[in-house]
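Subject: Structure for you to look at

Hello,

Here is the structure I promised to pass on. Please open it first, then read my notes below with the model in view.

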Amino acid sequence: METVQTAPRTDPGAPPLPAARGPLSAAVLTALHRPAPALLSPPPLDDPSDPWGEDVQLALYVCYELHYRGFAGVDDAWEWSPPLLALRGRLERAFLAALRDEVGEPPPLADVLADLLVEPPDGDGPSRHLLTAGTRQQAREYLAHRSLYHLKEADPQMWAVPRLPNPAKAALVAVQYDEYGAGRPERAHAELFAGMMADFGLDPAYGAYLDAVPAPALAVVNTMSLFGLHRSLRAALVGQFAAVEITSPPGAARLAAAFERLGASPRGTLFYREHVLADAVHEQLVRHTVVDPLLTRPSDCPAPEIAFGALAYARAEDRLADHLLAAWRSGTGSLRTPLPPEEPEEPGRRAERAEGARR
Ligand SMILES: [Fe+2]
Ligand SMILES: [Fe+2]
């Protein structure tokens, strides 16, 4: 078989490869250090024993990242390496089975979407914790977890575009246009998130915290990539997209208030303030201009699969929330390695913040 030879990438935006977390991720990472298409040597394991665990989630994350920005020094040709895709397929089958198992038989889609629209009055998720009792360090950890998605925000859902029929396709692109800044690159949501990270003394480089981020946060992003990279899961991707847009505004409002309380400048809350407004519109658009037209073509996007996608994403988010709250309530950090302390504030910076807040 002829393979396309490419030079190792020199894109300065690509992050370094992370460290392995077990035999599967070690097999993937060892291979990627070699030129493609070197033969991969997957370990002699039948099925991954814990699809939610650190080893599987990191191995999957690394495989998926080859379809986004890649890694520094890694040959781009690995993206379509048959042995690597075969190993990825084993991991995906195990993870997808775990997601289906967790969701079970989905309720009717209308009920799923209606439930997502209702905020539990007694909810106690991470955004509520950060608003009422969180520390600045916990806010910084939260941003590090979220950076793996938000620095490529909207990218996984772009895989849906060529796979959907019109008018759902056109409606999806209208929402995505906003996510990418509506013609103003500096307003792209990923850029706003990077600005917020810088405001909290974090490194906004793409993938900078991959080694520090544990499996529950990787699983949230892997769920999107799994749905995005398989045409057979396009309905689940639509469901995931709908779940994000529907649930975002109240959480974003709490996080904006929480970060302001924890000393953020206007730049440090802009991402969440933007989402309070934008996602109130996006939620309507996704439900009525993306999902509703698809329901008239159930052979393209069956409603139970849309419901599955929304619920699978919600379960992955629940697991991350449980992880964050358990760590914070026990007084430990929620990352695999603690964040370096924040640089002390420069003289005059507080005055600048106050000035910025007035503008
Ligand atoms: Fe967004
Ligand atoms: Fe949105």
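Let us start with one residue. Histidine 323 counts as partly exposed, because it has 18 C-beta neighbours inside 10 Å. A residue needs 20 or more to be buried. You will find histidine 323 in helix α13, which covers residues 303–329. Which residues does histidine 323 touch, not counting those up to four places away in sequence? They are Pro214, Pro216 and Ser334. Leucine 335 is 12 residues from histidine 323 along the chain, and their C-alpha atoms are separated by 9.8 Å.

Please keep in mind that this is a predicted model.

The average pLDDT of the chain is 90. A score of at least 70 is reached by 91% of the residues. Two stretches need care. Residues 1–11 stay under 50 in pLDDT. The model gives residues 1–11 15 contacts beyond four places in sequence. Residues 353–359 are also below 50. That stretch has 5 contacts in the model beyond near neighbours in sequence. Where pLDDT is low, the predicted coordinates should not be read in detail.

**The whole chain**

How many helices and strands does the chain have? The count is 14 helices and 0 strands. Along the principal axes, the C-alpha atoms fill a box of roughly 65 × 50 × 40 Å. Buried residues make up 43% of the 359. Now take the contacts between residues at least 6 apart in sequence. Of these, 82% join residues at least 24 apart.

**Two domains**

The chain is divided into domain 1 (23–101) and domain 2 (107–342). Their C-alpha centres lie 24 Å apart. Where they meet, 15 residues of domain 1 are in contact with 15 residues of domain 2. On the domain 1 side, α2 (54–65) and α3 (82–103) are the elements that give two or more residues. Helix α2 gives the most, with 6 residues. What kinds of residue make up the side of domain 1 that touches domain 2? They divide into 9 nonpolar, 3 polar and 3 charged.

**The core**

The largest nonpolar core has 101 residues. Six of its members touch the most other members: Val28, Ala59, Leu218, Val238, Ala242 and Ala310. Helix α11 (residues 234–261) provides the largest share, 14 residues. Why does this core lie between domain 1 and domain 2? Both domains give residues to it, so it lies between them.

Two alanines are worth a look here. Alanine 242 touches Leu113, Val286, Arg287, Val291 and Ala310, leaving out residues up to four places away in sequence. Alanine 243 lies in helix α11. Glutamate 317 is 74 residues from alanine 243 along the chain, but their C-alpha atoms are separated by 11 Å.

**Backbone exceptions**

Most residues other than glycine have a negative phi, and most peptide bonds are trans.

- The peptide bond from asparagine 166 to proline 167 is cis, with omega near 5°. Proline 167 is in the loop between α7 (155–158) and α8 (168–179).
- Alanine 154 has a positive phi of about 80°. It is in the loop between α6 (136–150) and α7. Alanine 154 is partly exposed, with 19 other C-beta atoms within 10 Å.
- Alanine 182 has a positive phi of about 50°. Its place is in the loop between α8 and α9 (189–199). Alanine 182 counts as exposed, because it has 11 C-beta neighbours inside 10 Å, and the limit for exposed is 12 or fewer.

Best wishes

Methods
Residues numbered from 1 in each chain as written. Chains lettered and ligands numbered in written order. Predicted model: local features only at pLDDT ≥ 70, side-chain atom pairs only at ≥ 80, totals over all residues. Core = buried A, V, L, I, M, F, W, Y, C linked by C-beta atoms within 7 Å. Helix = DSSP H or I, 4+ residues; strand = E, 2+ residues; numbered from the N terminus. Domains from an automatic or database assignment. Contact = placed C-beta atoms within 7 Å. pLDDT = per-residue confidence, 0-100. Nonpolar A, V, L, I, M, F, W, Y, C, P; charged D, E, K, R; others polar.
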